Amino acid sequence: MVQRDRTVDLKQSTELHYYISSRVNEARSALASIRNHWSIENGQHLRLDISFGEDASKIHERTATRNVATLRRCCFNAHKLSDYYSKESMNRRIELAGLNRNYRTKLILEHSFLT
């Protein structure tokens, strides 16, 4: 069990989270594992979900979900590496790739595994 206390805009809240594990951990190593998991979740998945609506996807076939997830990550990384629209948000860059042929071509040629 992990108790999370947080304050947002002077409002305090407490949440209890329960984890099941086959490993016997001391509190410090269990907390390190949990933090590591959530750093990956927040660092990558959250950005992909915000940019590509990954959680709302209706794709459920196992191979298709892996293939689409791989393509999303490749697209996300290509946008991230590009300096073409460096001041724009990731959502705006994705939108602009659909509207701007030059930007889309540059992404594919310079930052893609497809070449």
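Strands here are DSSP runs of E, at least two residues long, numbered from the N terminus. With that in hand, this predicted model gives us two spots to look at: a loop where Asp 9 sits between strand E1 (2-8) and strand E2 (11-17), and a largest pocket of about 350 Å³.

- Most residues other than glycine have a negative phi, and most peptide bonds are trans.
- Is Asp 9 buried or exposed? Asp 9 has 76% relative accessibility, so it counts as exposed, the cut-off being over 50%.
- Leu 10 has a relative accessible area of 84%, so this leucine is exposed as well.

**The largest pocket**

- Rolling a probe the size of a water molecule over the atoms shows where empty space is left.
- The largest pocket comes out at a volume of about 350 Å³.
- It has 14 lining residues, and the ones closest to its centre are Tyr 19, Ser 21, Asn 25, Ala 30 and Ile 34.
- Which element gives the most to the lining of the largest pocket? That's helix H1 (residues 27-52), which puts in seven residues.

How values were computed: Residues numbered from 1 in each chain as written. Predicted model: local features only at pLDDT ≥ 70, side-chain atom pairs only at ≥ 80, totals over all residues. Heavy atoms only, no water. 1 Å grid on protein atoms, 1.4 Å probe; cavity = no way out; pocket = protein on both sides within 12 Å on 5 of 7 lines; lining within 4 Å. Points joined across faces, edges and corners; volume = space filled by probe spheres on them. Helix = DSSP H or I, 4+ residues; strand = E, 2+ residues; numbered from the N terminus. Buried < 20%, exposed > 50% of the residue type's maximum accessible area, 1.4 Å probe, protein only.
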